[in-house]
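Okay, thanks everyone for coming.

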Amino acid sequence: MTASLLLSRVSRATSSITIRRVAGFNSLNAQILGGSISGTFFRERSLATLAQGASHFDEMVSVDQRKYYLLGGKGGVGKTSCAASLAVKFASHGHPTIVVSTDPAHSLSDSFSQDLSGGVLKPVQGVDSTLLALEITPETMKEEIKSQSGGKSVKNMMDSMGLGMFAGELGDLNLEDMLNAASPGIDEIAAISKVLQFMESPEYSRFTRIVFDTAPTGHTLRLLSLPDFYDSSISKITKLKKKVTAAASAFKSMFGKKEIQQQEPSNELDQLKERMEKVRNVFRDVNTTEFVIVTIPTVMAINESSRLHASLRKENVPVHRLIVNQLLPQSESDCKFCSMRRKEQTRVLGLIQNDTELSGLKLIQSPLLDAEIRGVPALKFMGDHVWR
């Protein structure tokens, strides 16, 4: 929006500018006021290259088994607007849809102009078909864990896992104290927890599209790598427990104590390991999942997008599309600022074509609009121009 406001100020200062329908420039009377469309101008870029920038939405809406869409990229590039508009588009085409924000700095409520806080699914107002939205809150997940733990201490939990001999040094440290402490990665853990619910709970089976508005790049990569981390950690814990159990058994037999029937490693750990493997497989399944990278036409953003795609490729996460957002519209004005910005953006688009990581992706060009995208009518308008 900062670029849009600056463009608006420059335009007002240039007396020779008039807004009219010309080749390569379209305008639509549209302002969101109480859910209706009237008043001011949304402007869109309509370049010759836009014909090559179609998102092939017909393919996205017709492929039945591809259920999960994750949109991610650098902070401030418009991921939330793109994700929300995609969710509205899917719902409008008959797909019962859920849109989820895993970004700690939630803006999904702002995009839909509706309070979606609280960590629970809420129906989106103003959409005729089924569309639910959720902003994941780690605080809500902490409360769920506290209620499930029943006030157990860490020592009691380790006793139940058969690792009580190591719990003495922990004293009576309470689980609640650990949860109230700052926990790196708690946002990603909360997101993984919700992904598991969507995959395993029968109540969510009727939803055929789930769109994730992910956090900026670093958080997203942690989210995608978390199942592997859990899988490795659980394997180490299981091996440790087997060694401890064997050592305890040998120690007791040396002193002629009666052999106590030892339990197998915790079934709960085995179940968690299986669930993490299921999430990992979903993230990497080209038939069920697609990651869409969102960026803007600046060198810094394109470089980060290139690194993001390299990381996703290393994680075997399927990526097919790249959205370049906030492209300036063409006009017949003599605005030097506008002309220079368009030249720079054209140069950056050329960098994408020559980038080994990004050149093979379907390029979607999204225009910079001169009004904020808030509410379902605005998201429908944006979706019609981005998801074509």
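Look at Lys89 to begin with: its charged end sits over the ring of Phe57, 5.5 Å from the ring centre. This is a predicted model, by the way, so keep that in mind throughout. There's another case of a charge over a ring, with Arg209 lying over the face of Phe90 at 5.2 Å from the ring centre.

So what do Phe57 and Phe90 do with each other? They form an aromatic pair, 5.5 Å centre to centre with 35° between the planes, and that's tilted. Phe57 belongs to helix H2, residues 57-62, and Phe90 to helix H3, residues 79-92, so the pair ties together parts that are 33 residues apart in sequence. Buried or exposed, these two? Both Phe57 and Phe90 are buried. Ring pairs also bring in Tyr69, giving a cluster of Phe57, Tyr69 and Phe90.

Staying with aromatics, the count comes to 4 pairs. One of the others is Phe198 with Phe212: the centres are 6.5 Å apart and the planes sit at 55°, so that pair is tilted. Phe198 is in helix H8, residues 186-200, while Phe212 is in strand S9, and the two are 14 residues apart. Again, both Phe198 and Phe212 are buried.

Now zoom in on S9. On one side, strand S5 (residues 68-72) runs parallel to S9 (residues 209-213), with 4 bridges between them. Tyr69, our friend from the ring cluster, stands opposite Val211 there. Strand S6, residues 97-101, is parallel to S9 as well, joined by 5 bridges, and here Ile98 has Ile210 as its bridge partner.

How covered is S9? Mostly covered, with 5 of its 5 residues buried.

A search of the whole structure turns up 1, joining Cys335 to Cys338 with an S to S distance of 2.5 Å. What's the handedness? The torsion about the S-S bond is about 75°, so the disulfide is right-handed. Cys335 and Cys338 are both buried. As for another cysteine, Cys82 has 0% relative accessibility, so it counts as buried too.

Last stop, helix H13, residues 376-386. Of its 11 residues, 8 are buried, so the helix is largely enclosed by the rest of the structure. Among the buried ones are Val376, Leu379, Phe381, Met382 and Val386.

That's my tour, so over to you for questions.

Definitions and conventions:
Residues numbered from 1 in each chain as written. Predicted model: local features only at pLDDT ≥ 70, side-chain atom pairs only at ≥ 80, totals over all residues. Heavy atoms only, no water. Pairing = 2+ DSSP bridges. Phe/Tyr/Trp six-rings, centres within 6.5 Å; stacked < 30°, edge-to-face > 60°. Buried < 20%, exposed > 50% of the residue type's maximum accessible area, 1.4 Å probe, protein only. Lys NZ or Arg CZ within 6 Å of the ring centre and 35° of its normal. Disulfide = S-S within 2.5 Å.
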